[in-house]
Amino acid sequence: MAFSGCAVAFPKIPSVGTFECRSDPDFSSPSAAAPPRHHSTGFGRRRVSLSPASHHYGLSSLIFRFPPNFVRQLSTKARRNCSNIGVAQIVAASWTNPGVPLDCPPSSAAAAAASSGAVAVDSAVMDPAVVIGAAEELVVDGGDVQFEGFGVDDTASFLSSDGSITVHAGERLGRGIVTDAITTPVVNTSAYFFKKTAELIDFKEKRHVSFEYGRYGNPTTVVAEEKISALEGAKSTLIMASGMCASTVMLMALVPAGGHIVTTTDCYRKTRIFIETFLPKMGITATVIDPADTAGLKAALEENKVSLFFTESPTNPFLRCVDIKLVSDLCHKHGALVCIDGTFATPLNQKALALGADMILHSATKFIGGHNDVLAGCISGKQELIDKIRILHHVLGGTLNPNAAYLIIRGMKTLHLRVQQQNSTAQRMAEILEAHPKVKRVYYLGLPSHPEHLIAKKQMTGFGGVVSFEIDGDLMTTIKFVDSLKIPYIAPSFGGCESIVDQPAIMSYWDLSREDREKYGIKDNLVRFSFGVEDFKDLKADILQALDQI
């Protein structure tokens, strides 16, 4: 190993850790002194002093100790084409000296580096005297390589299957976190530092990229956002602390004071409460139509300056759906945006953006997370729209914790497997329930009896894992059925690995009188069943035995 030049400036490497050189131990001389350690000469720069005499204590070579992140940095730039750390250093030298070609053999690289005064490594020469004599003073600049930038992941460009995208998108290519780990690391930090004030000024003047503060972004969260964007075919995704957070921030960001929106009758109750109770305080009014009322939508668009049409498709809990292409065409002719809450559909069963919607929203708590263990919400769409929402999000907060982002990433890796199972179980059970004498009515888009079955067939590839149905009986009869079930949990939410059942009249509307509940179509005998990934035969047997109890 040989060095040429008396002073070496390496490319920037992390300021954490140290750059150390040590000689091989002299096993033949117990009295040999240890080589001198480095000493610090100031913040952000470290010098390594090597005594010329130290080569007497070594064997035949000098071993370099690099701080952990230096090897990581090399792995993302050089080690892909390097068979050993010596060749990697040639590449490192070429960064400092552009005249050194990356593809030349080691001996040529050494010569080229020597002519330019750079560090050169010749794998055939291992003379520590030359090394020590030449490397009197090594200067190492500190640098931040925790993440290298926030480029868009293009994994989806060569993956044709949604299943593959859910596993790899956002993580393998374009990842900003420098690591050799297969799984995405959780970056737990509330703020991000700047090495010097000049770098901070560069950031403020948009010449340097940083999250700056935890509320504005996180590397782990970016991976989750990129994965969802790839799955939805979106330019940008913003992930937040819950589905309701995503809904409310989106509405406030995109609908001006005094504006008007159109929504549908069947929807998540908390969304309805926000539209009916809080938006009027900002002077925002709403027209509420049936999901199939195209004429009502046309009238609302003509009579009002509508900013946004917002609905779920399928809806909660009756699984109604709108013709997304039709309503998008109508709204766009009148300058109105379209946002679809696709939580029940999942990105696998329905591609709302491809059908013409401007934005797609999910409660990622449900199928996307898929394990009943995390709260999150996301909204995907055009870059300019998501940017507007992001600005308000940074003001209001509602930031997703990076640990929760990790759970979303992990959950999405099995999304395609879970949804296949849940689609199949729900379809088969809906058909069984519809034929059962103790069930009055079944709400499931996969059944020809559903009013929007044909629309769903046109725009969905699967009909989801939730089935709503009415028991042939009253409140107490329905309670007996629910309490007789052995597999599902009585709980709110849906879309997880574990099956969940609830009686909406009690779970979500118990604070209202029966008459007020029925204004929203919520009858005492209504049941919403979210099928998990349990075996179909076990679920079928459990539901049938519970029906036998009433």
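**Terms put to the test**

Author: Start with an open sheet of five strands, in the order E15-E16-E19-E18-E17, with mixed pairing. In that sheet strand E15 (439-443) and strand E17 (489-490) are edge strands, each with a single partner strand, so one side of each has no neighbour in the sheet. This is a predicted model, in which local features need pLDDT of at least 70 and side-chain atom pairs count only at pLDDT 80 or more, while totals for chains, interfaces and linings use all residues. Residues are numbered from 1 along each chain as its sequence is written, and side-chain values use heavy atoms, with hydrogens and water left out.

Reader: What makes E18 and E19 a pair?
Author: Two strands pair if DSSP finds at least two bridges between them. Strand E18 (residues 500-502) and strand E19 (residues 526-530) have three bridges, in the antiparallel sense. Within E19, Ser530 is the residue opposite Ile500.

Reader: What holds paired strands together in general?
Author: Backbone hydrogen bonds, in either a parallel or an antiparallel arrangement.

Reader: What touches this sheet, and at what angle to E16?
Author: Helix H15 (residues 415-434) packs on the sheet and touches E15 and strand E16 (466-471). A contact means heavy atoms within 4.5 Å. The directions of H15 and E16 make about 15°. Such angles run from 0 to 180 degrees between N-to-C directions, with axes fitted to C-alpha atoms, for helices over the stretch in contact.

Reader: How does H13 do on span?
Author: Helix H13 (residues 383-396) has 14 residues and reaches 20 Å from first C-alpha to last, close to the expected 20 Å.

Reader: Which residues of H13 are buried?
Author: Leu385, Ile386, Ile389, Arg390, His393 and His394. Buried means under 20% relative accessible area, exposed over 50%, and partly exposed in between (1.4 Å probe, protein chains only).

Reader: Why say that they line one face of H13?
Author: Seen down the axis, the buried residues of H13 fall within an arc of 165°, so they share one face. The arc is taken from the directions from the helix axis to the C-beta atoms. On the other side of H13, Ile391 and Val395 are exposed. After H13 comes Gly397, with a positive phi near 95°.

Reader: What do the buried residues of H13 pack against?
Author: Their partners include helix H7 (219-232), helix H8 (243-254) and strand E8 (236-240).

Reader: Where does E8 sit in its sheet?
Author: The sheet is open and has seven strands, in the order E8-E14-E13-E12-E11-E9-E10, with mixed pairing. E8 and strand E10 (285-289) are its edge strands, each pairing on one side only.

Reader: What makes E11 "largely enclosed"?
Author: Seven of the seven residues of E11 are buried, so the rest of the structure largely encloses this strand. Five bridges join E11 to E12, and the two run parallel. Phe310 has Cys339 in E12 as its bridge partner.

Reader: How do you know that both faces of E13 are covered?
Author: Met359 and Leu361 on one side are buried, and so are Ile360 and His362 on the other. E13 is joined to E14 by four bridges and runs antiparallel to it.

Reader: How confident is the predictor?
Author: pLDDT is its confidence in each residue, from 0 to 100. The mean is 80, and 70% of the residues reach 70 or more. Over residues 1-68, pLDDT is below 50. Residues 70-96 also stay under 50.

Methods: Expected span 1.5 Å × (residues − 1).
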